[in-house]
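Hi everyone, thanks for making the time this morning. Let me put the sequence and the model up on the screen, and then we'll walk through a few spots together.

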Amino acid sequence: MSLQSKRLPADKIYRGVLLAAATSVFLVVALIVFEAARGAGLSIRTFGFGFLTGTDWDPVADHYGALPYIYGTIVTSAIALILAVPVGIGSAVFLAELAHRRIGSVVSFVMELLAAIPSIVYGIWGFFVLAPFLRGAIEPWLIQHFGFLPLFRGAPFGIGILNAGIILAVMIVPTIISISREVLLATPQSLREASLALGATRAEAIGVTLGAARPGILGSIILSLGRALGETMAVTMVIGNTNRITGSILDPGATMASVIANEFTEATGTLYLSALIEIALVLFAVTIIVNAIARVLVYWATGGKREAVA
């Protein structure tokens, strides 16, 4: 008698429950896309592709373009990754490979607490602490020494794209450190021992470990990027919220999430509300694209295999 015939009804029920749970994820995503597309239908029909390339945002004239918000989202997330990735990976390597395990456990616990802090608390800190510091010290120094570059031209407001990028970096660093450290600790100890036995230095052995942990580290970076793209309240409080494209990171700006948070309750017109929903749909599409890129990167990093490779 086959094992399939001996399977108890409870096993079949259990499989069915798990299948339903997995299927529900796709249903939820489909419902989100359907509702967002239905709500954005009027804006899509009115502006078409010009909505993504337009720069005007005029609720009085009912003319809307999302390019400044798309630009602000990409720039602030890029600044966050530039600042957070080296610090996050370096800290994870130190905690997993060099620091004492007790120290690593304590610091990792603190990092997880930082990741659990509500975003509005970061926003308050960025507005009342970071903004005056940037306005009084960092931005004047950047203007004085690097003002010849378009990135650092303008007045030292303290509130702007740079502030938002730093806040996002502080928010995503704990995620990168925590996940990367766990991935490094999960790599086989035999990799380190084999490298040292072949005459590798400690740094070269750590390099081998990083090669094996590369898919997990990439995953932590992409996960952090997803949070940076969709962060709302903290960014809304410190970015300045102006709908223009600027080449300087010292100037105010806006993101897709911040414009929705600022104007959704004020959207009385049908087309106005539809335009905001279309921005949400674009943000959702950007998230899907980021996740697709993440899968490609992991596939490339692992050589097409599911397990990590050195």
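Here is a question to start with: is R192 buried or exposed? R192 is buried, because its relative accessibility is 9%, where buried means under 20% relative accessible area, exposed over 50%, and partly exposed in between, using a 1.4 Å probe and protein chains only.

Some housekeeping before I go on. This is a predicted model, so local features need pLDDT of at least 70 and side-chain atom pairs count only at pLDDT 80 or more, while totals for chains, interfaces and linings use all residues. Residues are numbered from 1 along each chain as its sequence is written, and side-chain values use heavy atoms, with hydrogens and water left out.

Back to R192. Its side chain meets that of E97 in a salt bridge at 2.8 Å, N to O; by that I mean a side-chain nitrogen of Lys or Arg within 4 Å of a carboxyl oxygen of Asp or Glu. This pair links distant parts of the chain, with R192 in helix α9 (residues 189-197) and E97 in helix α5, 95 residues apart. When I say helix, I mean a DSSP run of H or I with at least four residues, numbered from the N terminus. E97 also counts as buried, at 9% relative accessibility.

How many salt bridges does a search of the whole structure find? The search finds three. Another joins R38 and E35, again at 2.8 Å, N to O. Both of these residues lie in helix α2 (residues 9-39), three residues apart, or about one turn of the helix. R38 is exposed, with a relative accessible area of 57%, and E35 is partly exposed at 38%. Then there is R181 with E182, at 3.2 Å, N to O. Here R181 is buried at 5%, whereas E182 is partly exposed at 42%.

Now for the nonpolar side of things. A nonpolar core here is a set of buried Ala, Val, Leu, Ile, Met, Phe, Trp, Tyr and Cys residues joined through side-chain atoms within 4.5 Å. The largest one has 45 residues, and those with the most contacts inside it include L81, A84, I172 and I249. Among the elements giving two or more residues to this core are α5 (67-98), α8 (161-186) and α14 (270-302). Which element gives the most? That would be α8, with 13 residues.

If you zoom in on I172, you'll see that it touches A80, L81, A84, S224 and A228, leaving aside residues up to four places away in sequence; a contact means heavy atoms within 4.5 Å. There is also a second, separate core of 20 residues, which includes W57, A254, I260 and L271.

Please have a look at S77 in helix α5 too. S77 is buried, at 2% relative accessibility, and its side chain reaches the backbone oxygen of T73 at 2.8 Å.

Last stop: helix α10 (residues 202-212) packs with α11 at an angle of about 65 degrees, their axes 4 Å apart. Those axes are lines fitted to C-alpha atoms over the stretch in contact, and angles run from 0 to 180 degrees between N-to-C directions. L210, G211 and A212 of α10 meet R214, P215 and I217 of α11. Thanks, everyone!

Notes:
A polar contact is a pair of N or O atoms within 3.5 Å; within protein, one must be able to donate a hydrogen and the other to accept it, and residues adjacent in sequence count only if both atoms are side-chain atoms.
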